[in-house]
Amino acid sequence: MREAAVVGVGMHPFGRHPDRSLKDLGREAVWRAIDDAGIDPRRIGCAYVGNSLGGLLTGQEGIRGQVVLHDCGLDDIPVINVENACASGSTALRGAWLEVASGACDVALALGVEKMFVGDTARSLAALAADSEIELAAMGMQFSAVYAIHPKYNLRGRMDEYGWTARDFADVVVKNSRHGALNPYAQHRRALDADEVLASPMVTDPLTRLMCSSIGDGAAAAIVCARDDAASLSERVPITIAAAHLRSGHFVTSGDPHLTTLRDMVAALYDEAGIGPEDIDVAEVHDAMAPVELLVYEQLGLCGPGEGPRLVREGHTAIGGAQPVNPSGGLTSRGHPVGATGLGQVVELVWQLRGEAGARQAKERPLTALAHNQGGLLASMDSAAYALTLLTR
C-alpha cells in the first residue's frame, strides 16, 4: 500500500438552502476542491459519492453520484455510490483512499452531499428515522431518545455516578457555538450562553433542542492522490491520510454499557499509527447530541471516565486549548446534512493542518488530526457505522 494524501478540499456552506438541489450543492463543493488542489479535473480517475437520504427526500435513486458528477462535467469515470447513514461521507473518503493506496487509481474524488430541506420537516425526520433498523423506525424511535435513554450512553447514570449536570452538556454547546460563530460554512453562526441552551425546549430529558444537531443541506469534497505524486499534481501541502478505519456496531446488552466498538477502533488506530491520545492536536467528533462529545473524549483517551466536563471547563478542548475539539462548531453548530457530515469534518481538519482556518485556527501548527464519525442504529441499539480518519501533516 502506498501513502495517499488530500491535496484539495471544498465545501458548500451547511444550512437551509431551499433553492439548491443535490446537483447545486455537490457542484460547488467539487469545483472548490478541484480549484483548491489546482489540478486538471481530467486527472480524476474515479469518484466515491456519499449520500444517505436522497432517495427518500429527492426521489433520485441508484445513480445519485453519476447525476451529481455529470452536472459537474465529470463523466466517463467509475462512480461508486455510498450510502452509510451519517458515516456516508467518511466511507466515501475511505473508498477514495483505498483506490489510491492500492494503486488502482492515481487521483480520486470523494464527495459527501445531502439535501434535507425539502419543504416538509416531518418527511425529513421520517427519512432520518429510516437510518435505523426498520423495526425501530416503525416504533417511531428518534436518535435523541436513544442518546438520552440507552445504557450504551447512560447519560442519567453518568449524572448520578459522576455528578454531571445538564449545565455540563450546555457548556459543550456553548464552546461549539463560539467556534461555529467563526465558521463561514456553519449553519448556526451565533454564540450561545448556557442559560439559553438550558431554556430551549426539552426534546428528551435531559436533552434540550439546542443540545441536538439540526437537519441541513450541504456538501463537502476532497481530492486524494498518491503522496509521492502530490508535488507534481498540486502546489498544496499534501495532508496524509494516515489511517481510515470503518466498522459496524456490535450487539449491545444492558451489562455492556460502554462504547466498546469505538474504544476498540481507537486502540487499533493508535497502534497502527504508533501514536497515543496525547499526540492528537485537533479533532472533529460526531456530537449529534452534545453530551456525546463528553463520552467520546473518554473513548479517544483524552481523559478518564467522567472527566469530560472538566476538559470543557478548563478550556482544554476549546480553540487555543491543548487539544481543541470541534473547531468547526461540530454538528450542533456547523449543522448535520447527513451524507456530507463526515467529509465536512475532514475538510475542516485539512484547513486546520494547513493553518488556513482563520479566526478558528485551533493551534498554530497542528501536526495530527482525528475525525470521529458514526451513524445509523441497529436493533441491538448500537450504531450501525463507525468511522475514524487520521490525518497528518
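Which residues of helix 1 are buried? They are Leu22, Asp24, Leu25, Gly26, Ala29, Val30, Ala33, Ile34, Asp36 and Ala37. Buried means under 20% relative accessible area, exposed means over 50%, and partly exposed lies in between, with a 1.4 Å probe and protein chains only.

This is a predicted model, where local features need pLDDT of at least 70, side-chain atom pairs count only at pLDDT 80 or more, and totals for chains, interfaces and linings use all residues. Residues are numbered from 1 along each chain as its sequence is written, and side-chain values use heavy atoms, with hydrogens and water left out.

Helices are DSSP runs of H or I with at least four residues, strands are runs of E with at least two, and both are numbered from the N terminus. Helix 1 has 16 residues, which should span 22 Å at 1.5 Å a residue. Its end C-alpha atoms are 23 Å apart, which agrees. The expected span is 1.5 Å times one less than the number of residues. Just after helix 1, Gly38 takes a positive phi of about 70°.

An α-helix has 3.6 residues a turn, so residues three or four places apart point the same way.

Helix 1 packs with helix 3 at an angle of about 60°, and their axes are 9 Å apart. That makes helix 1 oblique to helix 3. Angles under 35 degrees count as roughly parallel, over 145 as roughly antiparallel, 65 to 115 as roughly perpendicular and the rest as oblique. Axes are lines fitted to C-alpha atoms, for helices over the stretch in contact, and angles run from 0 to 180 degrees between N-to-C directions.

From helix 1, Leu22, Lys23, Gly26, Arg27, Val30 and Trp31 take part in the contact. They meet Val67, Val68, Leu69, Asp71 and Cys72 of helix 3. The contact residues divide into seven nonpolar, one polar and three charged. Contact means heavy atoms within 4.5 Å.

Helix 12 and helix 13 have axes that come within 9 Å and cross at roughly 45°. The two are therefore oblique to each other. Leu262, Arg263, Val266 and Tyr270 in helix 12 meet Val296, Gln299 and Leu300 in helix 13. Here the division is five nonpolar, one polar and one charged.

| Helix | Residues |
|---|---|
| Helix 1 | 22-37 |
| Helix 3 | 64-72 |
| Helix 12 | 260-273 |
| Helix 13 | 290-300 |

**Backbone points in the loops**

Asp76 has a positive phi near 65°, in a residue other than glycine. Asp76 lies in the loop between helix 3 and strand 3 (79-82). With a relative accessible area of 79%, Asp76 is exposed.

Asn326 also has a positive phi, near 60°, and is a residue other than glycine. Asn326 sits in the loop between helix 14 (308-313) and helix 15 (330-334). Asn326 counts as buried, at 0% relative accessibility.

A cis peptide bond joins Asp205 and Pro206, with omega about 15°. Pro206 is in the loop between strand 5 (202-204) and strand 6 (207-208).

**Ser88**

Ser88 belongs to helix 4 (residues 88-102). Ser88 is buried, with a relative accessible area of 0%. Leaving out residues up to four places away in sequence, Ser88 touches Gly50, Asn51, Ser52, Val82, Glu83 and Gly339.

Terms used: Ala, Val, Leu, Ile, Met, Phe, Trp, Tyr, Cys and Pro count as nonpolar, Asp, Glu, Lys and Arg as charged, and the others, Gly among them, as polar.
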